[in-house]
Amino acid sequence: HDDIIDRDTIRHGRPNITGRYQLLYNELSSSDTSHYALSAALLGGDLLLMSAYEMITTASIESDAKLLAFSYIHKALFTVAGGELIDTDSVMYPVNKSNPRAAITYKTASYSLQLPLQSGAALAGASKGELEKLNTIGLHVGIAYQLRDDLLGVFGDSALTGKSNRSDIFEKKRTLLIHETLKRLETTKAERLTKLFTPDHTITSEEAEEIVELINSSQATHTIEQMIHTETAQALRIIQTLSISSSHKEQFADIVAKLMGRTS
C-alpha cells in the first residue's frame, strides 16, 4: 500500500508487487497496464492484512491473548492510515504548513516499532509500566529511523538503497530535512525552495540538484544527525530501565544501533 501511495515500482533494488505485475501486463497489452498493476498490488496488500488477522486467529494461544493481539494490530493499522494520509496530502499545502513530525509519529513509529514491541511484550505478560516504556522507546527509535531514511532518500547510495536518491525530492516529500533546510536558508533561497515545492510544479532533474545544493548549504543534515543521536540516546536510556536481563538489554541496544547505522 505504501509503495502504491509513493508510486514506487522498486523495493530494495527489485520490482515490488506493482513492478512485477507491470512487467507481466506489459507482455499482454499496451493499454492502461499501470492501472492494472496498481490494482493487483492493492489487492495483494489487502490479502496480506487479512492474512495477518488469520494468523492470529489460528495461533495456538488463549482467546484472551488473541483479543489482545487483535487490539494492538487494529490500533497500529488505524494509526498508520492516519499517518499515511498526513504524509500524502501534505504536498497539497505550502511546505511550511506541513507537519512531518506528525507523519513520522503516526506512520513510521506506530507500525514499525511500537506495535511489535508492545504486542510481543503484552503477550508475554509485561506490566503496564513496561508497556508504556516500550511505547516510548518505539516512538524515539521510530522517529530516528525515519530521519535516517530521509537522509538516505537524498544522500544514500542508490546501489545500496535500491531506489533513486532523488525520488523523495521529485515527490516533494515534506520531510523534517526539508523543513530544517527551509528554516536555515536566507529569504531569497527559502522563497526559491518554497516555489519549487508548490503543488502544481513538476521538479526537473536540474531543479532536484539545485534543491540538494540548498540542503547542503543550509547544513540541515547536521541538525538531522543531531536529532537522530538525541532520539537514539533517549531510547537507549529507557532500555536500561527495563525489567529484562543485561544480555537482553545489550541485544535490544544492538538492534537499535544497527537500525541507526544502516545504509539501505
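## Aromatic pairs

Rings of Phe, Tyr and Trp (its six-membered ring) form a pair if their centres lie within 6.5 Å; planes under 30 degrees apart are stacked, over 60 edge-to-face, and the rest tilted. This is a predicted model: local features need pLDDT of at least 70, side-chain atom pairs count only at pLDDT 80 or more, and totals for chains, interfaces and linings use all residues. Residues are numbered from 1 along each chain as its sequence is written, and side-chain values use heavy atoms, with hydrogens and water left out.

The structure holds two aromatic pairs. Tyr21 and Tyr25 make a tilted pair, because their ring centres are 5.5 Å apart and their planes meet at 50°. Both sit in helix H2 (residues 17-28), four residues apart, so about one helical turn separates them. Tyr21 is partly exposed at 33% relative accessibility; Tyr25 is partly exposed at 22%. Here buried means under 20% relative accessible area, exposed over 50%, and partly exposed in between (1.4 Å probe, protein chains only).

Tyr53 and Phe70 are stacked, 5.6 Å centre to centre with 20° between the planes. This pair links distant parts of the chain: Tyr53 lies in helix H3 (residues 33-57) and Phe70 in helix H4, 17 residues apart. Tyr53 is partly exposed at 26%, and Phe70 is partly exposed at 23%.

## Charge over a ring

The charged end of Arg262 sits over the ring of Tyr145, 3.9 Å from the ring centre. The criterion is NZ of Lys or CZ of Arg within 6 Å of the ring centre and within 35 degrees of the ring normal.

## Second largest pocket

The second largest pocket holds about 260 Å³ of space. A pocket is an open set of points on a 1 Å grid over the protein atoms alone, where a 1.4 Å probe fits, with protein on both sides within 12 Å along at least five of seven lines; lining residues have an atom within 4 Å of a point.

The lining has 13 residues, with Ile5, Arg7, Thr88, Val91 and Glu171 nearest the centre. Helix H1 (2-6) and helix H4 (63-89) each supply at least two lining residues. By class, the lining has four nonpolar, two polar and seven charged residues.

## Overall fold

The protein chain has 13 helices and two strands. Helices (H or I, at least four residues) and strands (E, at least two) are DSSP runs, numbered from the N terminus. Of the 264 residues, 40% count as buried. The C-alpha atoms fill a box of roughly 55 × 50 × 30 Å along the principal axes.

How values were computed. Points joined across faces, edges and corners; volume = space filled by probe spheres on them. Nonpolar A, V, L, I, M, F, W, Y, C, P; charged D, E, K, R; others polar.
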